[in-house]
Amino acid sequence: MKKFVFTIVGFGIAVLIMLNLFKATLPFYWANEEFCDKMELFNADDSGFDLIYIGPSAVKREFIPSVFESSLDTLEIRAFNFGTAGVYYAEENYLVRNAMTNEAFIDVEYVLAFGQEPKKIMDDHFHKLRIKYALDWHSYISCLRYFYEKQDMQQVYRYTIMFIENQLCIGEIFEMVEWHFTEFGVPEELHELAGYVPYEWSVSNSKKSSNQHDKFLNEHEEDKFIPGFRKKPSTKNGIRKASSSEFVLIKDLYLLNEIARISEKTFIPVYEPNMNDFIGLDSLQVIYFGDGKNYPEYFAIENRWDFKHLNEKGAIFHSELLAKLFENEISGVTGQDNDEKIKGGNKKNDKAKSKKKKGEKKIKGDKKKKRGVKKDKRNDRGKKTDTSKKSKKNSKKKSKKRKASIN
Amino acid sequence: MLLLLASYVFYAYWDYRFLSLIILSSGIDYYLGNAIYTTQVESKRKQLLLSSVVANIGILAIFKYFDFFIASANTLLDSFGVSTQLGLLELLFPVGISFYTFQTLSYTIDIYRRKIEPTKDVVSFFGFVSFFPQLVAGPIERASDLLPQFKSDRKFDYSNAMDGTRQILWGMFKKVVVADNAAIIVDSIFNNYQDASPFVLFLGAGLFFVQVYGDFSGYSDIAIGTAKLLGYRLSINFASPFFSRSFSEFWRRWHITLNTWFRDYVYFPLGGSRQGKRRHLINITIVFVVCGFWHGAAWTFIIWGFVNALYFVVEQRFNLVSDKQVPLEELRFPKPGDLFQMFMVFSAIAISLIFFRSPDLSSAFDYFIEMTDFGGKNNYILGAKMYTLAHFFELLAYMMIMLGFEWINRANSFGLERISKFKIVRLGTYFILTLLCLHYFYGDNAFVYFQF
């Protein structure tokens, strides 16, 4: 009996070790094809980027790096959009955590992440969802605790099953092999957009997005779109008590902040107007849009693509707004003041705090000097530069084929 | 006792309400088996046996066939202009009922025939009926084989357990890698058969045959392997049926425990081949039709059984099988003639399975009509979608692996029994098969035979 158990367990361990050794040859984002494409674009840029914004399709479709950059008053920053469709909480947490410690992002100073809560794994997604590859121990425990606090045992079960599937590489083995033989790259026309993909471009390739747009317009013929999914603060001062499940997410944010501090980066979660209120983040840097009522443009039909996404016009508005909030945040204005600031035209407050912080940030005059240092850093990674050139060629070749997958 | 409890927990996990049904069925046959044995009066023995048959078939009829008969009667009444519609029961179908009913039925019949003695051990008998590895989809065991194993002491045997583990791995490969991959293409073809070319439709039928084989024989291997781990020996259910060169050989190699059950409890009582050639062929037809009906309460299964009866009857009537045919186990490599015969048997069975797969008779006939429509259809299902085409070649590779191992082990009980004398080759094979199983082991693809 002992011999049998040892043989079977030994074989199982050997299989697991082999799989994990093979997994170790892949970059952390390997299973997210869009992220892989954007990574090629990111690496191919010679000037480097200072800010990345990681998140789901809301980021991919709404954050225009060029508009963001030009809307900054005092800072000279190059931004890159790492939004990819269908990135749930677990995957985003995993990507952000790894991006902050990965060598490929060594030049990046600011890491923005889309504020969201773990989503339920529905029947259609069970066993199939892409977060499977990203459910490492940390993401799994966070999601497990979140749903346990919500007393949603079905989700506890589903996340557990998918975590086990992830550890056993179920459904991923061929993809792991294929990754080494796949050429990634984005269409040439997207090169200038630094990862931003407007919805308007997707229509010709995706019937689904076109249908979503038509459905949205049909249901909102008049110029009224009421974002019914925003919760209002339940106390007078706008601060409500965080639920136990929210504390799990807050804890995660603090952890990410700590990783950022060690990696000498600045981590800033972004809570957009269509997100639920999120509190308890006073000591963190957060871009918090506050009450959605203060941003009517955000919900104007002319600015929206569908119920969840802005169109290109909306994306311009959003990127400009985000730039202002970002600048305020890193110059020391707290998240709760943001609403007033935007409405009142960037009122300066708390000068002492601001002064202290400004000393740490890049101002336009220092930028050139800093760039020179960055280029040297990149040249140290000579291999990477070569790969980037190669990938640029590949991406041109593959651009047409890839366009569909991007969209 | 522990095994009995484990079996009941296993069954109750699906639906605890139907646990009472299996306990009831076991209780009836335990009591009647003892009563038949102790009764000396022949007429009373017959009555008791009849009670057992009525009780078992009655349970099966209520849960499996009642709605079918009512629906058929309603259709008949409707065709005569009678508008009255009889109500359907619409009961949930208890998983494995066809399997354990046949198992308990064989117990009382064998006691009646004085082939076995009834057991006094209630736990052993209830354990025999509900033995979890084979409870829901067979193999259908005889009391004379399995029941004594419950009473005897079992010691853990390393080589037996390793053999069981290998058989489980082989079963998983057939189910997860071959059958589930075939199912994707088969579903795509059968759901869009109106738009597919005859070539694709033939391919769909062939792949469904592969799917059913991988699925059902895979389950049987997992069940037999699991039983081996526990120290039990179950009957072989499949013996490389794809290498059959005649229909009679095919049915000796396919779902062996069910076919031998029908042979012993239906075909022989009908007279078998001893009452003239004509009666022999009629008996064969009856057995095949009943076998089809056992699979499901639908006309499609009955027609499937009838078509296979026709194949068998034609082969028997015209003596199409040569007496000089070399047994498969003695062939080193199949000759071109053998390959042709294998292909013909495979194709004919695959075509009959169109009835098996179709949701109703009209869909099955439509499928046949489309198979003869050679004008204007393209192979869109395989051609237009690169994914499906790549998938098809992947599946083809797995089928070749399956057939290769089965050919090597055609004289053994399962495909991984003998691989190579080199340990590294054996370990490499297990490793690759494990990786393939892990890669495809997702989703909740149920076994096809769970519905029976």
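This is a predicted model: local features need pLDDT of at least 70, side-chain atom pairs count only at pLDDT 80 or more; totals for chains, interfaces and linings use all residues.
In chain A, five strands form an open sheet with parallel pairing, in the order S2-S1-S3-S4-S5. Its edges are strand S2 (79-83) and strand S5 (287-288), each of which pairs on one side only. Strands of a sheet pair through backbone hydrogen bonds, either parallel or antiparallel.

On one side, strand S1 (residues 51-55) of chain A pairs with S3(A) in the parallel sense over four bridges. Within this pairing, Ile52(A) has Val111(A) as its bridge partner in S3(A). S3(A) is also joined to strand S4 (residues 266-271) of chain A, and here five bridges connect the two parallel strands. Ala113(A) has its bridge partner in S4(A), namely Pro269(A).

In a regular strand the side chains alternate between the two faces of the sheet. In S3(A), Tyr110(A), Leu112(A) and Phe114(A) point one way, while Val111(A) and Ala113(A) point the other way. The residues on both sides are buried. Because five of the five residues of S3(A) are buried, the strand is largely enclosed by the rest of the structure. Helix H12 (residues 244-262) of chain A lies across S3 and S4 of chain A, and runs at about 150 degrees to S4(A).

The next topic is the contact between the chains. Chain A contributes 14 residues to this contact and chain B contributes 13. On the chain B side, helix H8 (158-191) and helix H18 (423-440) each supply at least two residues. H18(B) gives the largest share of that side, with five residues. By residue class, the side of chain B that touches chain A has nine nonpolar and four polar residues, and no charged ones.

Chain B is itself divided by the domain assignment into domain 1 (2-151) and domain 2 (158-245 + 325-451). Taken over C-alpha atoms, the centres of domain 1 of chain B and domain 2 of chain B are 30 Å apart. The two domains touch: ten residues of domain 1 of chain B are in contact with 13 residues of domain 2 of chain B. On the domain 1 side of this contact, the elements giving two or more residues are helix H6 (132-135) and helix H7 (143-151) of chain B. The residues on that side of domain 1 of chain B comprise five nonpolar, three polar and two charged.

Key: Residues are numbered from 1 along each chain as its sequence is written. Chains are lettered from A and ligands numbered from 1 in the order in which they are written. Domain bounds come from an automatic or database domain assignment. Two residues are in contact if their C-beta atoms, placed from the backbone, lie within 7 Å. Ala, Val, Leu, Ile, Met, Phe, Trp, Tyr, Cys and Pro count as nonpolar, Asp, Glu, Lys and Arg as charged, and the others, Gly among them, as polar. Two strands pair if DSSP finds at least two bridges between them. Axes are lines fitted to C-alpha atoms, for helices over the stretch in contact, and angles run from 0 to 180 degrees between N-to-C directions. A residue is buried if 20 or more other C-beta atoms lie within 10 Å of its own, exposed if 12 or fewer, and partly exposed in between; C-beta atoms are placed from the backbone.
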